[in-house]
Amino acid sequence: MLFPTFDFGVFFLLVFAVSWWLLPRAELRKAFLVGASYFFYGYWDWRFCFLLLVSSLVNYAAGALLDGTRDTARRKIIVAVAVAMNLGVLAFFKYYGFFITSLNDLMFSLGLEREMPFLEIILPVGISFFTFQGISYVVDVYRGHVAATRSLLNILLYISFFPQLVAGPIVRASHFLPQIEARDGEGPKPDRILASLGLLLIVIGLFKKVILANYLATEMVDIVFFDPFFYGAFDLTLAIYGYTIQIYCDFSAYSDIAIGVAALLGYRFQRNFDQPYRSESIREFWRRWHISLSTWLRDYLYIPIGGGRGGVWKTRRNLMATMVLGGLWHGAAWNYVLWGFLHGAAMALENVLGWDKSQPRRALWKRVIAVAAVFHFLCLTFIIFRAENMTIAWDYLSGFADFETPSEFFSPFILGLLVVGFSLHFIPHRVTSAIERTFAGLPLPAQAVVLALAIVVIDACGPDGVAPFIYFQF
Amino acid sequence: MSDTGQPTQDVRGTAPFRRHAAELDLFAGMHPMRVGRIAWILALATVIAAMLNSRSITNWAVELPFELGVVRDWIILASQTWHGWMMALGLDQVHAAVRDAFRWLQFWQPGGP
């Protein structure tokens, strides 16, 4: 079920009404939200609800076992087995085909042809997200950062809560479990719902997805990336600017709507994007882009493998390893590995040059150059990220030498989409606060009219049909 | 896990952790509402949106992905009746007017009509 659809609108209105009606009975409310979340997930393919259930049961059992023993060796074994099981499921569904294909290619190149057992495996939507949530719960219980929950319902809801289930944000157990562990009458406060910002985030998210991301994709990016060989440098530049804006609008829109929907149900999620294209370094970019993933990788991968300990070379090695695995998290293909490698290499280079250190505020012109340089590095690496394969990526890059083919895509409309998408990065946070404050101060009928008009205008302006969110495939 | 297998130091009480957590908190300083008020806003907004966008509701009803038997027929009939009323009131023109204006913007070229 996609957020910007009537199906979801009807589903959400029902869930909103019933969940608040059940507020006095905390366990029943949680059970209802779990049921709604499984319905939301099963709407795509009900068979994978079992996968979600097994993931929750494994992590619940691991948490309970960790809670039951103080023996260090035993705790290590439990956490290792639980993490291995989580990663094993992810590896099977997401990486089995990639592994077999790569192994076949390798054996073919060595002259050792063998028939490897190839299986057509459907990638369950959101598996990377709920697997990482499960791992964070088990590891946090092991580390003592969060107490193991005794309620299976809590874990079922934590893993499956529908706003963040299929494309994040990756919510930490330490942040979410305290919000759902309330007893009867102690749940979300019905007089303290942060709905103004929640509704604003939903409207902003719909605008970014339905108008900016969808039009950029259908009017230009998908066409150019289908076969970049036919386009010249100007269109290729426009298209990669377009994709860079599209992926931000698409993914941050999902996070905005997820955070907004959760807020209307009484739960708080944390910020997942913070104007990433105004970054002055790649390290800063990863502090602003998909924050829940970058902080997850930092806390559960980068620091455990050594982090910044053990000297500069080990730090750079750890950065590279983290970013390569982060790239592979995005998809089982070599272009994602290369994308992660390039980001890791850029961060290691920044580390060598000292650009990643906190610096006093630079002069404006230096900041503009830094932002432009980082943005164009991101554009370049997004070519590799977006291309179906390395041949297409190479065709795309080669096309930048073609200055003769005239532009097919330059139009005021495309330019407007790019400008609006990029401008979103330079709107101060206080503007959002001011809009939220203004909306909160309106009388009730005016609030309803504003909300309705915003939704109708976005629906009227959007193209027919809504493409799935890009991050669903991850 | 630390390298020694011991739980790592819990940094959640430290100043950098609190600062980072504050940066990630979208909701600090925002204005809370009562759930009853939100319910009224959503209900009213749904009715207004359904008045201005009745054609999309009809399309949605026809394309419902479930086999609901006779209930499906009722939903389609209700949505078509509703759409008929909104057409009679001229309210369906709002959605169409916005769409036309946006289409004009989409295909506008400098020097064009």
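Here are some friendly notes on helix packing, a surface patch and salt bridges in this predicted model.

1. Let's start with two helices in chain A. Helix H2 of chain A covers residues 26–45 and helix H3 of chain A covers residues 49–67. Their axes lie 9 Å apart, and the packing angle is about 135 degrees. Angles from 65 to 115 degrees count as roughly perpendicular and those over 145 as roughly antiparallel, so H2(A) and H3(A) are oblique to each other.

2. Which residues make that contact? From H2(A) come Tyr38(A), Tyr41(A), Gly42(A) and Asp45(A), and they meet Cys49(A), Leu52(A), Leu53(A) and Ser56(A) of H3(A). Sorted by class, this contact has 5 nonpolar, 2 polar and 1 charged residues.

3. Helix H9 (residues 233–264) packs with helix H14 (residues 364–386) at about 85 degrees, and the axes are 9 Å apart. With 65 to 115 degrees counting as roughly perpendicular, H9(A) and H14(A) are therefore roughly perpendicular to each other.

4. On the H9(A) side, the contact uses Ile240(A), Tyr241(A), Tyr243(A), Thr244(A) and Ile247(A). Their partners in H14(A) include Phe375(A), His376(A), Cys379(A) and Arg386(A). By class, the contact between H9(A) and H14(A) has 9 nonpolar, 2 polar and 1 charged residues.

5. Next, the surface. A nonpolar patch there brings together Phe39(A) with Phe66(B), Leu68(B), Val70(B), Val71(B) and Trp74(B), and together they have about 540 Å² of accessible area. Helix H4 of chain B (residues 70–89) gives the largest share of the patch, 3 residues. Phe66(B), in contrast, sits in the loop between helix H3 (54–62) and H4 of chain B.

6. Finally, the salt bridges. How many does the structure hold over all chains? The total is 11. In one salt bridge, the side chains of Lys30(A) and Glu27(A) meet at 3.2 Å, N to O. These two residues are 3 apart in helix H2 of chain A, so about one helical turn separates them.

Technical notes. Residues are numbered from 1 along each chain as its sequence is written. Chains are lettered from A and ligands numbered from 1 in the order in which they are written. This is a predicted model: local features need pLDDT of at least 70, side-chain atom pairs count only at pLDDT 80 or more; totals for chains, interfaces and linings use all residues. Side-chain values use heavy atoms; hydrogens and water are left out. Axes are lines fitted to C-alpha atoms, for helices over the stretch in contact, and angles run from 0 to 180 degrees between N-to-C directions. Helices (H or I, at least four residues) and strands (E, at least two) are DSSP runs, numbered from the N terminus. Angles under 35 degrees count as roughly parallel, over 145 as roughly antiparallel, 65 to 115 as roughly perpendicular and the rest as oblique. Contact means heavy atoms within 4.5 Å. Ala, Val, Leu, Ile, Met, Phe, Trp, Tyr, Cys and Pro count as nonpolar, Asp, Glu, Lys and Arg as charged, and the others, Gly among them, as polar. Patches are made of residues with over 30% relative accessible area and no salt bridge: like charges are joined within 9 Å, nonpolar side chains (Val, Leu, Ile, Met, Phe, Trp, Tyr) within 5 Å. Accessible areas come from the Shrake-Rupley method with a 1.4 Å probe; for residues, only the protein chains shown count as cover. A salt bridge is a side-chain nitrogen of Lys or Arg within 4 Å of a carboxyl oxygen of Asp or Glu.
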